[in-house]
Amino acid sequence: MTLSILAQLAVSGALIGLVYALIAYGFQLTFATSKSINFGQGELVMVSASFTLTLITLGLPYWVVVPAGLLFGAALGLFVERAAVRLALEQKSEGWILLTIILGLFLFSVAENVWGRDDRPFPTPISSEPIHFLGVDVTPVELSVAVGVFAVMGLIEVFKRQTLLGKAFEAISADRDAGELMGISATHTVMLSYALSGMVAALAGILVSPITTVGPTMASAMILKAFSVAVVAGLESGFGVVVIGMFLGALESIASYSLGSGWREAPGLLLLILALAVRPTGVFGKAIIRKV
Amino acid sequence: MLVVSDLHAGYGLSEVLDGASLTVKAGTVVALIGANGAGKTTTMRAISGMIRPSKGTVLLDGKPVQDLPPSRIARLGLAHSPEGRKVFGPLSVEDNLLLGAYRLLPRFFGFRKRAAGDLDRVYALFPRLRERRRQQAGTLSGGEQQMLAIGRALMARPKLMLLDEPSMGLAPVIVQEVFRTIQRLKQEGMTMLLVEQFAKAALAVADYAYVMERGRIAVEGSPAELHKNERVIAAYLG
Amino acid sequence: MWKRLLLIRGAELLMFALLIGVPLAVQNPYVLGLLTLLAIYGILLIGLDVTVGYLGQVNLAQAAFLGLGAYTAGLCVTRLGWGMPLATLAAIGVGVLLGALLALPALRLEGPQFALATLSFTALTVTALNELEWLTGGAQGLSLSRPPLFGHLLSAREFYWLCMALLALVWIGMRNLLASQWGRAFEALRDSPIATDAMGVGTYRHKVAGFALGSALGALAGALYALNFQYLQPQTFVYELTVILLLGVVLGGRKSLWGAFVGASLVALLPNLLSNRTLFEAISGVGFLLSLFAGVRGLLRRAMRPFQALAPIVATFALVVGGLLVQNTEDWRKAIFALMLFSVVVGLPEGLMGFASKFLSRLFRIPDAPLPAASPLEQVLPAKKERSGAPLLELRDLKRSFGGVRAVDGLSMTVRAGEVHGLIGPNGSGKSTVVNVVSGLYTPTAGEMLLRGRPLPRGSLFDTARVGVARTFQNLQLFTGLTALENVMVALRGAFPKSRSMPLVLLGLGRREEKRAQADALALLEFVGLADQARTPARDLTYGAQRFLEIARAVARKPDLLILDEPAAGLSHPDMLRQIEVIKRVHQRGVTIVLIEHHMDVVSGLCDVVTVLDGGKSIAEGTPAEVKRNPKVIEAYLGEVEAGPAASPVPTAPATA
């Protein structure tokens, strides 16, 4: 394999890997405030993307469709929190693992029936003409993924640092009880984190759909990759998910080319199991102190 | 201002509080002292809502609050500087202080301007915090964290301040500084309920005191009365 | 005793007899196929229940093991020409091996990450099965024909009986396992993994063994599956199957063999349920009425949160209405499973069997098997002659920091054999941290710890317990789901070699050791005065009794050093006196004790030597009387004040000595 092919694969793969990173970022948001994640996040990505596609086919302009899709994602996130997570958190159990899995399955079935089982193309105003840059071909669509991911992650980080509500979010993540003593409602903060996570998932779906098409199974494979990224990078480091995501994407792309497309999934899954074995809190995460 | 009646509370099966009652009048400093394990911190937590009492009432300005979540009680004007300080480690000193005033400030933007006056007052009281305003709270020393916890509570412009073991884990010199601050706040008219294992320091600054033993109030009175009370000494050293 | 046996075993025998007898009466091949599936799923779900029910983890890999077992058996038959017994054994072997390989990394993790690891394993397995076409035939599938068993070609009916026989064997083996030390260990590590390690019972190794067992059963089911259908496809063993299996286990009832069986029946019947609209409506209707009844009842009694009561009602209602509205229930199967599982998880978490057993236990009171006589105390907690006063535990300049906070800041202390050594100090002085470092919960940042002159294991509760250091906890860490007797029996594990070996226990050997363990545990309960509460679940004991139980459990391993972390915390006065008595009795048997306490009367009554901590360092050491008079100690506890309104001198002689 020549260097130029390697570079090409790595770059294209890394850009897709940013989508995994974005979904993993969504996990971090909810994990920070509630130590829980949505196992059905893939379905959230898919349903939001399908909804957005429907709006497009209804003829609505993009500047309406994209925000609508994002709001829809946020609403779904709130639904997940209320239906699957809150009860388990109140009972201080891990029941949300099973409940979010169930909810995901339900949404999958709904999507299958509402939108059909076929994969449909997602029209985009962005051109697919590759730009030649430093010896590598990149399409504007792929670039839009990078722009979208960094923009949204950047915006959320700004929100966390510059608004009081964002600081309250960080406070509850750091110390829930102390936050409550300041008058910050932990429940509302968890709801916010799920809404943001849902919105982020919707964006991931919108960004990746032009490349992968929209269908019920579009996110099933992606979600495991996002899990790998989240676990390897640790559920606490924003920077880590980007790095790991790009790395994983590149690795997959190369594996798919050299070993065959069916083996595409393997690096991520192996990486996950190995990383969990070696350092359960992730490469960038912090060690946990037990309290007795 | 605060009336606690016949409070029963505990963790799981163990009932730590077995019918505790106390009153804090507006503008006064009340001390709650007693040996470790007597139930002082449990009392504070039951008042601020961190745990729910199984029996009894807590009245804040006449309003029953024993069943409310802590965030609601905080918004009614109660500020609790908890045992162990519990500052928000990853956030800066200034952010911690701003969050103290959460209930009073706009959520998104403009909060820094609105809080500027209160921030200045707290920095005047704790100049060392001003020096370290951008530093991560988790990296401050124990004494500085205690100042921050008190400052954070002050930012809420509370009607009533609960101070839980402010001297815990601090060197004697720092403890003196902390109590000088508490004395200053008292002079400014702040109503405070102070839980302390350092009985002498607490009694020196209090207007009234309660001695807790095994989940109940054993003795109460003015500091002068308590100093002469043999039972007080017994409650501490066997 | 016969009544007991009859009731429990009788029901099982009856069920098996019925199942075996059915094909003799009914000639329908469809029914036979269904019953065979029932047997196979029964084995599969019993295996899944080990991790989901007994270990309490969400295990998403059982479908993968079904597939792995099936393909292993299939390939052994087609490629290697092996017969049924060998192929099945090979499948089981693969299950154990891969199960252990997956478990070793995966079980180090907390719940959600464990679930993720198992999910990845499933995905990886399906990918491998699809891609390794040269081996597995890939997406086109693998065909095999059932080889003859010992020269005799099995009819469908005979194959069914074979599966039933295997199910019966698995059932008996599991029952033996769960009634033994293993079952208790599983329960214990769910209630308190920390205490389990501290009692010298390795949490991790038990979890790995349990997972490997569950996977082996999954693989066995897979082999039977392959031999039954004689055609395999990778697409069968996917995520959706895993969720269906979870549905079976949760709906049937976790932690229960009967529950797994009921769940298996449901899973086997599920396709029928979907195709027959009337049956579907009937069952969803019943489900709806039940959740309505349970929900309203729960709300009125304030036993449930509103969401818990209402959500199942909404979900079952959706099932009823949806069933009427949609054209084809097959298309909506995933949603149907999801709604069913949701209603069960939220509304009936203990499953059908859990609910039934509560109901049945109110009807029939099965008397417990009588306990053996208590062993003599000398056998259980021998009096040690080691009162030499030689140093037993030495701490040299011990340090432990958390971030910037120096919780223990250079502590040097010697505990001599045979003494009761108190450790006191104000809140935040580092007492609990010292104990947590010594017992192995935390690793020291610096300094040395020596036990009888040799370095103490660091950072591992399990290793430290194994060298003879036992401890209790400030916040009780009892195994709340077990009885008082069982709590102590968990800690006795090391003493009984046969019970430690899983294969031996599965075969039913080790029952005599079980009786011995009961006798020993009973003796320890007598020692702390709880013999009459042997059968009470730990969570139902009074707080004082729970504290005594912690001590009985801690001395079960005959420790040389016992660390008591605030044993009198929260005790009423009479219980505190009793606790002092118990500790004295332990001391009289020659056990060296380190005692953290706040109650000075406890300290004065028990301790020979007291070390006072403040700010992570030792500030005084001596007899309780000396220490109480020490001005530095008084200052540390009561505090100094520069200029108070009534600054009276520090009293030199306290009111009570």
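## Domains of chain C

In this predicted model, chain C is assigned domain 1 (48-237) and domain 2 (391-481 + 539-638), with bounds taken from an automatic or database domain assignment. The centres of domain 1 and domain 2 of chain C, taken over C-alpha atoms, are separated by 45 Å. Domain 1 of chain C puts 11 residues into the contact and domain 2 of chain C puts in 13; two residues are in contact if their C-beta atoms, placed from the backbone, lie within 7 Å.

On the side of domain 1 of chain C that touches domain 2 of chain C, helix 8 (181-191) and helix 9 (193-198) of chain C supply at least two residues each. Helix 9 of chain C gives the most, with 4 residues. Helices are DSSP runs (H or I, at least four residues), numbered from the N terminus. By class, this side of domain 1 of chain C has 5 nonpolar, 3 polar and 3 charged residues. Ala, Val, Leu, Ile, Met, Phe, Trp, Tyr, Cys and Pro count as nonpolar, Asp, Glu, Lys and Arg as charged, and the others, Gly among them, as polar.

## Helix pair in chain A

The axes of helix 1 (residues 3-34) and helix 8 (residues 186-212) of chain A come within 8 Å and cross at roughly 175°. Axes are lines fitted to C-alpha atoms over the stretch in contact, with angles from 0 to 180 degrees between N-to-C directions. Helix 1 of chain A is therefore roughly antiparallel to helix 8 of chain A, a term for angles over 145 degrees.

Residues from helix 1 of chain A in this contact include Leu22(A), Gly26(A) and Leu29(A); those from helix 8 of chain A include Ser193(A), Val200(A) and Leu207(A). The residues of the contact divide into 15 nonpolar, 7 polar and no charged.

## Chain B against chain A

Contacts link 26 residues of chain B with 17 residues of chain A. On the chain B side, helix 2 (70-75) and helix 3 (93-100) of chain B are the elements that give two or more residues. The chain B side consists of 16 nonpolar, 5 polar and 5 charged residues.

## Confidence and numbering

The predictor gives the complex an ipTM of 0.87 and a pTM of 0.85. Chain C averages a pLDDT of 85, and 94% of its residues score at least 70; pLDDT is the predictor's confidence in each residue, from 0 to 100. Over residues 640-657 of chain C, pLDDT stays under 50, and the model has 32 contacts beyond four places in sequence for this stretch.

Local features need pLDDT of at least 70 and side-chain atom pairs count only at pLDDT 80 or more, while totals for chains, interfaces and linings use all residues. Residues are numbered from 1 along each chain as its sequence is written, and chains are lettered from A and ligands numbered from 1 in the order in which they are written.

Key: Parallel < 35°, antiparallel > 145°, perpendicular 65-115°, else oblique.
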